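Let's walk through this model together, one question at a time. Keep the structure open beside you as we go.

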Amino acid sequence: MAELPLQQLEALRNQLEQETDFLTTSIQQLKLVQTKYVESQESLNKLGPKNAGKDVLVPLTSSMYVPGQLTAVDRVLLDIGTGYYVEKGVTEARAFFKRKVEFLTKQIEKVQPALQEKYSVKQAVVEMLNQKIQHMAAQSASPAVTARA
(Lines give C-alpha, C1' and ligand atoms only; values in the text may rest on other atoms or scores of the structure.)
Protein backbone atom coordinates (compact mmCIF):
# COMPACT_ATOMS: atom_id res chain seq x y z
CA MET A 1 0.00 0.00 0.00
CA ALA A 2 2.92 2.35 0.69
CA GLU A 3 4.08 2.01 -2.94
CA LEU A 4 0.74 3.12 -4.41
CA PRO A 5 0.68 6.59 -5.95
CA LEU A 6 -1.53 9.27 -4.43
CA GLN A 7 -4.23 8.95 -7.11
CA GLN A 8 -4.59 5.20 -6.57
CA LEU A 9 -4.78 5.69 -2.80
CA GLU A 10 -7.53 8.28 -3.35
CA ALA A 11 -9.41 5.87 -5.63
CA LEU A 12 -9.01 3.05 -3.09
CA ARG A 13 -10.24 5.29 -0.31
CA ASN A 14 -13.29 6.30 -2.38
CA GLN A 15 -14.05 2.65 -3.20
CA LEU A 16 -13.76 1.65 0.46
CA GLU A 17 -15.97 4.60 1.42
CA GLN A 18 -18.66 3.40 -0.98
CA GLU A 19 -18.37 -0.17 0.31
CA THR A 20 -18.61 0.87 3.97
CA ASP A 21 -21.61 3.09 3.14
CA PHE A 22 -23.29 0.18 1.34
CA LEU A 23 -22.64 -2.26 4.20
CA THR A 24 -23.81 0.29 6.78
CA THR A 25 -27.02 0.85 4.83
CA SER A 26 -27.52 -2.91 4.50
CA ILE A 27 -27.17 -3.41 8.25
CA GLN A 28 -29.59 -0.56 8.92
CA GLN A 29 -32.16 -2.07 6.57
CA LEU A 30 -31.76 -5.53 8.12
CA LYS A 31 -32.23 -4.03 11.59
CA LEU A 32 -35.31 -2.13 10.43
CA VAL A 33 -36.93 -5.30 9.10
CA GLN A 34 -35.86 -7.18 12.24
CA THR A 35 -37.56 -4.51 14.39
CA LYS A 36 -40.78 -4.90 12.40
CA TYR A 37 -40.76 -8.66 13.00
CA VAL A 38 -40.08 -8.17 16.73
CA GLU A 39 -42.97 -5.69 16.92
CA SER A 40 -45.21 -8.19 15.13
CA GLN A 41 -44.17 -10.87 17.65
CA GLU A 42 -45.05 -8.53 20.51
CA SER A 43 -48.41 -7.71 18.92
CA LEU A 44 -49.23 -11.42 18.83
CA ASN A 45 -48.75 -11.52 22.60
CA LYS A 46 -51.57 -8.98 22.94
CA LEU A 47 -53.90 -11.03 20.79
CA GLY A 48 -56.00 -13.54 22.69
CA PRO A 49 -59.53 -14.60 23.61
CA LYS A 50 -59.84 -11.78 26.15
CA ASN A 51 -59.46 -9.26 23.31
CA ALA A 52 -62.23 -10.73 21.11
CA GLY A 53 -64.79 -8.08 20.28
CA LYS A 54 -62.53 -5.15 21.19
CA ASP A 55 -62.51 -2.06 18.99
CA VAL A 56 -59.39 -1.45 16.90
CA LEU A 57 -58.24 0.91 14.17
CA VAL A 58 -57.58 -0.86 10.87
CA PRO A 59 -54.98 0.86 8.67
CA LEU A 60 -56.01 1.57 5.09
CA THR A 61 -52.81 3.49 4.39
CA SER A 62 -49.93 4.61 6.59
CA SER A 63 -51.97 7.65 7.64
CA MET A 64 -55.60 6.58 7.26
CA TYR A 65 -57.57 4.18 9.48
CA VAL A 66 -61.10 2.86 9.81
CA PRO A 67 -62.70 1.52 12.99
CA GLY A 68 -63.00 -2.24 13.29
CA GLN A 69 -63.54 -5.05 15.77
CA LEU A 70 -61.41 -8.07 16.60
CA THR A 71 -63.38 -11.20 15.81
CA ALA A 72 -61.02 -14.07 14.92
CA VAL A 73 -58.28 -13.75 17.54
CA ASP A 74 -56.86 -17.23 16.92
CA ARG A 75 -55.82 -16.61 13.27
CA VAL A 76 -53.76 -13.88 11.59
CA LEU A 77 -52.71 -12.96 8.06
CA LEU A 78 -48.94 -12.78 7.60
CA ASP A 79 -47.27 -10.74 4.88
CA ILE A 80 -44.69 -13.20 3.57
CA GLY A 81 -43.35 -10.81 0.94
CA THR A 82 -44.00 -9.52 -2.57
CA GLY A 83 -47.69 -8.98 -1.84
CA TYR A 84 -48.45 -12.52 -0.66
CA TYR A 85 -50.33 -13.20 2.57
CA VAL A 86 -50.80 -16.47 4.43
CA GLU A 87 -53.33 -17.22 7.13
CA LYS A 88 -51.75 -18.85 10.18
CA GLY A 89 -52.66 -19.68 13.72
CA VAL A 90 -51.14 -17.49 16.43
CA THR A 91 -48.67 -20.22 17.47
CA GLU A 92 -47.53 -20.73 13.88
CA ALA A 93 -47.22 -16.96 13.42
CA ARG A 94 -45.02 -16.69 16.52
CA ALA A 95 -42.77 -19.44 15.14
CA PHE A 96 -42.64 -17.65 11.75
CA PHE A 97 -41.57 -14.36 13.33
CA LYS A 98 -39.05 -16.10 15.56
CA ARG A 99 -37.44 -17.76 12.51
CA LYS A 100 -37.34 -14.44 10.66
CA VAL A 101 -35.75 -12.61 13.59
CA GLU A 102 -33.14 -15.36 14.00
CA PHE A 103 -32.39 -15.33 10.26
CA LEU A 104 -31.95 -11.55 10.22
CA THR A 105 -29.76 -11.69 13.33
CA LYS A 106 -27.47 -14.18 11.56
CA GLN A 107 -27.34 -11.99 8.45
CA ILE A 108 -26.42 -8.94 10.53
CA GLU A 109 -23.73 -10.97 12.30
CA LYS A 110 -22.31 -11.94 8.88
CA VAL A 111 -22.23 -8.38 7.54
CA GLN A 112 -20.82 -6.64 10.63
CA PRO A 113 -17.34 -8.25 10.47
CA ALA A 114 -17.07 -7.33 6.79
CA LEU A 115 -18.01 -3.75 7.63
CA GLN A 116 -15.45 -3.61 10.45
CA GLU A 117 -12.73 -5.01 8.17
CA LYS A 118 -13.52 -2.52 5.38
CA TYR A 119 -13.55 0.31 7.89
CA SER A 120 -10.13 -0.73 9.26
CA VAL A 121 -8.64 -0.93 5.77
CA LYS A 122 -10.16 2.47 4.93
CA GLN A 123 -8.57 3.96 8.06
CA ALA A 124 -5.18 2.52 7.07
CA VAL A 125 -5.55 3.97 3.56
CA VAL A 126 -6.49 7.38 4.96
CA GLU A 127 -3.45 7.32 7.27
CA MET A 128 -1.17 6.37 4.37
CA LEU A 129 -2.76 9.10 2.26
CA ASN A 130 -2.14 11.69 4.99
CA GLN A 131 1.47 10.55 5.40
CA LYS A 132 2.10 10.88 1.67
CA ILE A 133 0.51 14.33 1.58
CA GLN A 134 2.59 15.46 4.55
CA HIS A 135 5.74 14.01 2.96
CA MET A 136 4.97 15.80 -0.32
CA ALA A 137 4.30 19.06 1.55
CA ALA A 138 7.58 18.71 3.46
CA GLN A 139 9.47 18.06 0.21
CA SER A 140 7.95 21.06 -1.52
CA ALA A 141 8.64 23.27 1.51
CA SER A 142 12.29 22.22 1.92
CA PRO A 143 13.55 23.74 -1.40
CA ALA A 144 11.98 27.05 -0.40
CA VAL A 145 13.86 26.94 2.92
CA THR A 146 17.21 26.21 1.25
CA ALA A 147 16.60 28.92 -1.37
CA ARG A 148 16.27 31.58 1.36
CA ALA A 149 19.46 30.52 3.15
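Q: Does Tyr 37 count as buried or exposed?
A: This is a predicted model, and Tyr 37 is found in its helix H1. The relative accessibility of Tyr 37 is 17%. Buried means under 20%, so Tyr 37 counts as buried.

Q: Which element gives the most residues to the largest nonpolar core?
A: The largest nonpolar core has 12 residues in all, including Tyr 37, Leu 78, Phe 96 and Phe 97. Two or more core residues come from each of helix H1 (6-46), strand E3 (75-81) and helix H2 (90-148). In soluble globular proteins, nonpolar side chains tend to be buried together. Here the top contributor to the core, with 6 residues, is H2.

Q: What is the relative accessible area of Thr 20?
A: Thr 20 lies in helix H1. Beyond its neighbours within four places in sequence, Thr 20 is in contact with Leu 115, Lys 118, Tyr 119 and Lys 122. Thr 20 is buried, and its relative accessible area is 4%.

Q: Is Gln 34 buried or exposed?
A: Gln 34 also has its place in helix H1. Leaving aside neighbours within four places in sequence, Gln 34 is in contact with Val 101, Leu 104, Thr 105 and Ile 108. Its relative accessible area is 16%, and the cut-off for buried is under 20%, so Gln 34 is buried.

Q: Where is Thr 82 placed?
A: Thr 82 has a positive phi of about 45° although it is not a glycine. With 76% relative accessibility, Thr 82 counts as exposed. Its place is in the loop between E3 and strand E4 (84-89).

Q: In what order do the elements of the protein chain run from the N terminus on?
A: The protein chain holds 2 helices and 4 strands. Read from the N terminus on, the order is α-β-β-β-β-α.

Q: What is the radius of gyration of the protein chain?
A: For 149 residues, the globule rule gives 15 Å. The protein chain is well over that, so it is more spread out than a compact globule. Its C-alpha atoms fill a box of roughly 95 × 30 × 25 Å along the principal axes. The radius of gyration is 28 Å.

Q: What percentage of the residues of the protein chain count as buried?
A: The accessible surface of the protein chain comes to about 11,000 Å². Carbon and sulfur atoms hold 56% of that surface. Of the 149 residues, the share that count as buried is 20%.

Q: How far apart do the centres of the positive and negative side chains lie?
A: The protein chain has 18 positive and 16 negative side chains. The distance between the centres of the two sets is 3 Å.

Note on methods:
Residues are numbered from 1 along each chain as its sequence is written. This is a predicted model: local features need pLDDT of at least 70, side-chain atom pairs count only at pLDDT 80 or more; totals for chains, interfaces and linings use all residues. Side-chain values use heavy atoms; hydrogens and water are left out. A nonpolar core is a set of buried Ala, Val, Leu, Ile, Met, Phe, Trp, Tyr and Cys residues joined through side-chain atoms within 4.5 Å. Buried means under 20% relative accessible area, exposed over 50%, partly exposed in between (1.4 Å probe, protein chains only). Contact means heavy atoms within 4.5 Å. The radius of gyration is taken over C-alpha atoms; the globule rule is 2.2 Å times the number of residues to the power 0.38. Accessible areas come from the Shrake-Rupley method with a 1.4 Å probe; for residues, only the protein chains shown count as cover. Lys and Arg count as positive and Asp and Glu as negative; His and the chain ends are not counted. The place of a charge is taken as NZ of Lys, CZ of Arg, CG of Asp or CD of Glu.
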